[in-house]
Amino acid sequence: MIPELSAEQLSAFPSRAEARFYEACRDRLPETLVVIYSATWIYRDVRGRLNEGEADFTILSPQGGVIAVEVKGGGVSFDATTGTWHSVDRSGEQHTIKDPFRQASKERHALLDQITGHSSWRQWTGGRLTIGHAVLFPDIVDSTALIGPDRKREIVGVNGDVQNVTQWYDRVARFWHQPNDQPLGAKGVRLIEDILCKSIEVRPVLRALVDDAEQRRIRLTANQAKILRIIGGRRRAVVSGGAGTGKTVLAIEKAKALASAGLSVLLLCYNRPLADSLAVGLQGDPLIQAQSYHQLCDRRIRQAQQKRSDIFKEAVEAYPGTSDQHRFDVQMPYALALSADVLEERFDAVVVDEAQDFSDEYWLGVELLLRDQDNGFLYIFIDENQTLYPRTANLPVEDEPFYLTNNCRNTAPIHEVGYRFYEGSPIDSPEIPGQSVIWTGVDSIEDQADAVANRVYQWVHDEGLKSEDVAVLVAIRPKSLAYELLVLRMAALGVECVIECHGKGKCVLIDTVSRFKGLEVQAAVLWLGDEVIDEAQWEVAYVGATRAKSLLNIVGTMKVVKALRSRAQ
């Protein structure tokens, strides 16, 4: 029986006659038969109009063919003069109905069209198919009055036939069988099952899953805004939280709130790509300047030079050294502090994101940019576990941080993997379901590049993701070789990609984990080298994994995958 209905479902049938026939077929017909209840279809008639069709019952026999059965409950009457049919209820009242035999005949022809017109039917190697129809009246005792030229006794059923349904079915099947007909066989029955009532499971494309997760994420992010109300009128505060807890979102909202009050705001972060993203998003607000820390240093050094003050030269003389690291960590921060004596530009408020990457030397110059050194607004957002640029710093705010405890970026599976590499205050797993993290372990760098490129191709071309929603984050040395291998493979697959170029639409971004820190993307392939575990750089796995909002594939050698998975379990 298709479908298999419970007693409760049968009792809810609007037609008791259909329920009785269903029970009779289920309980008395041979198990070799398949009975489909209420097969439906849509077809276009000879005039091109769309119509819906339905057969009350369709019986399939491996040894025979197909029989469509129309079931009519209650009493019936036929007026030969007018050619009209009526049903007769228990009170004797008549209701006009369609000719049940014509209905059954139409169902038979429509079924034949549905079956033989389906592409799957080509798999049946038989010849002529037995297909017939019958009408059953479970509430009528005698069929004599219903017999006519197009209503042969063999295809009419009444109350007694329900009790002896096997004999009645055999009689109908013999009536319609022709000498040249071939039995359906088990294969034919299966094909018709698939055509009329195949079970369907449609897996949503990942694009749909990503969109659903994004709507949940927006609601969760809004919940994080309560921290802004908590810090309220405090002029200085530290907000701490793990990846995905909404720190950057809150930093932006705090900057906007200060600007709406007429205050000039400097929004700082460490990572240049993040700074560029912030600047684009805030370009409509003239009271907010969004820059990376070293971008700010460079700008003020050049502004001082225009005033004939070489503050960078002074910094080099005060702290000699030629390495790039010394220049970025000591000389430029000192030059920034010196700029306060040369330039008049000041800010009412400074908001710092990614503060974990700021060292002690950074903070003096930052504080000197406040118009009011004692009462100016300073808000610091920090993830103490996300220190890809190891530095030690004493924050210029003495009060205990406010802690964010809800991850509102990642799906639950990505959170569970990424936060295995986190050490800090507990962060609650998000209530955002999602796809499991994919682990790909292959040893040669060429095979790894193949795996990365193929995953990107699948997401974009098969699963419907936008190219700009996908990023490849590289943490393998040398990165130049990884970039070269990926560009070649992406081109061969027809995937547009860019290297370390943010904001370019319709392209998959390829970048390093460190450059992408502070940013996020819907789907990420994280390509890790053995140095992640050899040098215990677990924060690289933490930062890289948590950049992915909805989909994550981690690629590396078998050694890397084994080590990460064991830690992530």
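User: Which element gives the most to the lining of the largest pocket?
Analyst: This is a predicted model, in which local features need pLDDT of at least 70 and side-chain atom pairs count only at pLDDT 80 or more, while totals for chains, interfaces and linings use all residues. Residues are numbered from 1 along each chain as its sequence is written, and side-chain values use heavy atoms, leaving out hydrogens and water. A pocket is an open set of points on a 1 Å grid over the protein atoms alone, with protein on both sides within 12 Å along at least five of seven lines, and its lining residues have an atom within 4 Å of a point. With seven residues, the element that gives the most to this lining is α10.

User: How much space lies in the largest pocket, and which residues are the closest to its centre?
Analyst: The space in the largest pocket comes to about 1100 Å³, a volume being the space filled by probe spheres set on grid points that are joined across faces, edges and corners. Of the 47 residues that line this pocket, the closest to its centre are Leu274, Ser277, Gly518, Leu519 and Glu520.

User: Which elements give two or more residues to the lining of the largest pocket?
Analyst: Helices (H or I, at least four residues) and strands (E, at least two) are DSSP runs, numbered from the N terminus. Those that give two or more residues to the lining are α7 (206-224), α9 (247-260), α10 (272-281), β18 (470-475), β20 (508-512) and β21 (521-528).

User: Which elements each supply at least two residues of the lining of the largest cavity?
Analyst: A cavity is a set of points where a 1.4 Å probe fits but cannot get out, and the count comes to one cavity of 30 Å³ or more. About 30 Å³ of space lies in the largest cavity, which is lined by Val417, Phe421, Trp439, Leu526, Leu528, Ala541, Ala545, Ile554 and Leu564. The elements that each supply at least two of the lining residues are β21 and α20 (538-545).

User: Which residue of β6 is the bridge partner of Trp85?
Analyst: Strand β5 (residues 84-88) runs antiparallel to β6 and is joined to it by four bridges. The partner of Trp85 in β6 is Ile97.

Terms used
Pairing = 2+ DSSP bridges.
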